[in-house]
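These are my notebook entries on a structure that I am looking up. I begin with strand pairing and then turn to a metal site.

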Amino acid sequence: MKRYISFLFLLFTITLTAQLQSPSEFLGYEIGTQFSRHADVVRYFEHVAANSDMVTYASYGKTYERRPLTYAIVSSPQNMANLENIRKDNLKNAGLESGSASPNIAIVWLSYNVHGNEASSTEASMNTIYKLITENKAWLQNTVVIIDPCINPDGRDRYANWYNSVKSTPYNALQEATEHNEPWPGGRANHYLFDLNRDWAWLTQIESQQRLKVYNQWMPHVHVDFHEQGINSPYYFAPAAEPFHEIISPWQRDFQTQIGKNHAKYFDKEGWLFFTRESFDLLYPSYGDTYPTFMGSIGMTYEQAGHGAAGLGVNTDEGYELTLVDRVAHHTTTGLSTIEISSMNAAKLNTEFKKFFDNSSLKYKSYVLKGNADKINALTKLLDQHEIKYGYASGGKVSGFNFGANKDGSMDSNGALVVSTNQPKGKMVKVLFEPDAKLSDPLTYDITAWSVPHAYGLETVASTTLVTASGSKPQAFALNIMVANSPGYIAKWNSLNDAGFLAELLQNNIKVRFSEKDLSFSGTAYPKGSLVITRSDNKNNASFDETVIKIANAHQRKLFASPTSFSDNGTDFGSGNIKLVNKQRVAILKGDGVSSLSYGAIWHFFEQQLKYPLTSIDTDDFGYINIRNFDVLILPEGWYQSLLNETNLNKIKDWVRDGGKVIAMGRAVNSFEGKEGFDLKKNEGDKKEEDKDTVKGNLIPYDQRERESVKDFITGSIYKVTLDPSHPMAFGYGDTYFSLKQGNNSFAFLENGYNVGYIKDEPISVSGFSGSDAKAGLKNSVVFGEARIGRGSFIYLVDDVLFRSFWENGKLFLVNSVFFVNNNKYILD
Ligand SMILES: [Zn+2]
């Protein structure tokens with residue numbers, strides 16, 4: 001019996017100590033010897049939370065492919081019992097919640113695997129949480145750690161599943177092996193192929209939207225975004241490189257250095273190489289390092305050698321073998337070291353965090369914005385997600401910097417949206433809204449301009465004095481009601497909401513027209529582009545009125561039920577200038593040669609914003625498919641030289657002659673340059689004028705060549721573009737548009753086609769960096785154009801209007817191109 005009891009006792013103690021397992025014990029393989037599936041990672045975190053009083057684990061949402069998005073909160077048992085107060089005290093300290101508090105608990109947020117194929121970090125997240133609660137509990141006395149083991153589960157599983165399915169056993173370290181060469185589109189991006197590390201500010205993807213809700217609840221003091229770089233660069237950690245955005249505080253700079261030095265201690269001990277300060281700057285606000293930085297945190301990117309080319313082990317160019325085991329060890333070390341140094345500086349982190357939220361020294365106190373109500377609403381929706389406060393002006397003149405004029409000016413503020421910097425998140429307001437971000441160095445990793453007033457196409461004045469926002473919110477939409485026997489309905493065409501309305505009408509087989517002339521019926525004027533939905537066109541539809549009104553109300557579109565089809569100005573309902581909109585069958589190319597980001601942005605736009613069907617065709621299949629099943633073919637940004645061989649080019653040309661429409665975006669336009677029949681020539685302008693009389697040979701020193709090359713750069717800057725508002729591609733716009741230009745690509749005015757958007761002989765850049773040669777090269781260039789061949793058209797969108805999906809005001813050009821431009825083909829059904 002005694003023996004039996006001691007056996008039971010033994011069993012009991014084994015079960016107790018065996019409750020919490022290491023990731024390797026739990027998953028059954030040494031971490032780093034396999035890529036773990038996302039579901040297994042979730043199971044491990046659930047196991048940890050179930051077996052530790054220091055951890056809670058919850059889901060904050062789901063991805064597009066329905067994988068769970070999750071986060072663990074880790075701290076001492078005492079802190080865990082007091083978590084809600086700790087969280088609130090932090091918000092009080094920043095002024096984000098009413099009341100006062102002087103907390104001294106550090107809050108550290110570790111984000112893993114935002115790029116799906118940079119896959120070592122999710123493995124490291126499991127080791128990190130385990131080591132944190134077993135070996136490093138002491139740090140948790142004054143620190144709360146939030147761990148998001150995988151920001152991008154769809155991308156990670158795309159990579160991990162692919163790798164697991166093709167790898168050799170044992171793994172093959174030769175770079176040439178299949179397992180080191182991912183197929184298109186790779187695992188980096190999310191389901192819609194968006195780079196989630198460019199989406200923090202714009203929140204176009206559900207992963208970003210759902211994560212930010214939790215982020216706002218916590219507002220961490222330190223945020224790390226774990227990445228991987230090329231296989232030959234060892235490890236990068238803070239401090240970051242110039243340019244730093246000017247709002248970054250001396251403390252934020254200084255603590256980055258302290259963190260870097262703490263990591264260096266461990267790396268030196270192990271003999272691991274690293275570099276700092278030479279790349280990865282802190283300017284563009286939509287990254288996992290800059291966004292938290294501009295929200296008061298110490299935001300950092302850590303980059304391990306690896307990514308999709310590394311697999312479980314790969315030979316580097318320098319002859320070393322880089323293994324997943326090593327990659328995991330490095331990321332685990334920096335994660336833990338970050339927590340350690342934060343814990344050591346917990347009190348200071350809190351006092352400096354508070355200081356960051358004092359915005360009294362910012363130059364512009366208020367941004368006052370006016371324009372189309374839908375565009376204002378789209379912007380307020382974005383501000384709501386960032387929990388940035390705003391109000392409405394009660395009237396009167398406001399003076400300051402006028403964005404449209406690009407100089408000082410004034411505006412009547414009646415009903416305008418007011419976003420002020422005298423709020424805790426004022427620095428982020430400055431970053432997102434300011435006319436031109438100060439640039440300490442043009443050699444940056446990304447675009448240098450993103451000004452929200454231009455991105456949303458709003459008339460804006462930035463005022464150096466605070467503008468009171470005591471006005472009331474614009475009136476809510478009043479539902480349309482049925483009007484018996486009206487010959488038709490008219491609706492305005494200004495925004496993406498109008499586009500969504502049209503898309504749903506077409507999908508419900510409602511016949512819709514649009515007007516190429518300004519309209520006036522019974523004293524009510526409607527500009528070009530307005531939709532006309534006639535009873536005559538829909539006479540066989542018994543539920544015509546109900547359907548149109550139901551869809552209009554769902555989209556909050558105001559309908560004018562015209563009492564007559566006889567116009568005031570000569571353009572009646574039956575006029576040839578009021579054209580039927582064809583229910584376009586739209587195809588898009590994807591696959592090798594196509595920019596996955598550009599394809600993804602268009603795919604996402606059609607499915608999630610416009611809600612209109614799109615057929616994706618793989619470039620490998622293009623030679624076989626019957627293009628005549630489609631009316632529109634979209635070529636995303638890409639490199640089509642090999643696809644557009646003579647046979648395929650003739651196939652496209654023949655189809656266009658018969659009425660097809662090609663829309664080429666960004667660099668896809670290059671594919672048609674200089675070829676016969678496309679009316680498209682490179683614009684040489686007066687680029688490099690100095691070359692004419694300089695002696696041949698280059699005496700620019702070796703170490704200055706990179707600097708010199710910036711003359712040719714346009715690193716994402718905003719240009720004023722003149723529009724032809726009478727062309728259907730520009731319906732809904734005025735006569736100017738501010739375009740985000742991402743490079744020095746420049747084409748001469750079309751000789752025979754329509755130059756719908758163009759830059760004349762004085763290129764005006766209102767924001768961002770442009771090198772002198774690149775800017776000069778834009779003189780007299782087409783930005784948006786249409787060239788006709790036979791009955792069809794080639795549409796050139798030289799500036800990609802869907803880039804990262806954040807340039808809201810450009811999207812209608814694409815919709816207009818699909819449904820309105822050269823609308824002479826109508827299929828009877
Ligand atoms: Zn990355």
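In which sense do β12 and strand β17 pair, and over how many bridges? I record first that the model is predicted. In it, I find β12 paired with strand β17 (residues 459-463) in the antiparallel sense, over 5 bridges. Within this pairing, I note Tyr367 opposite Ala462 of β17.

I then looked up a further partner of β12. Strand β16 (residues 417-420) pairs with β12, also in the antiparallel sense, over 4 bridges. Here I list Leu417 of β16 as the bridge partner of Leu369.

I turned next to the metal site. Which residues coordinate the zinc ion? I find His115 through ND1, Glu118 through two entries for OE, and His227 through ND1, at 2.0 to 2.5 Å. Along the chain, the donors follow the spacing H-x2-E-x108-H. Glu118 and His227 link distant parts of the chain, 109 residues apart. I place Glu118 in the loop between β3 (106-111) and α6 (120-134), and His227 in strand β5 (residues 222-229).

Finally, are Glu118 and His227 buried or exposed? Glu118 is buried, with a relative accessible area of 3%. His227 is also buried, with a relative accessible area of 1%.

Conventions:
Residues numbered from 1 in each chain as written. Predicted model: local features only at pLDDT ≥ 70, side-chain atom pairs only at ≥ 80, totals over all residues. Heavy atoms only, no water. Pairing = 2+ DSSP bridges. Helix = DSSP H or I, 4+ residues; strand = E, 2+ residues; numbered from the N terminus. Donors = N, O, S within 2.8 Å, 3.2 Å for Na, K, Ca; no water. Buried < 20%, exposed > 50% of the residue type's maximum accessible area, 1.4 Å probe, protein only.
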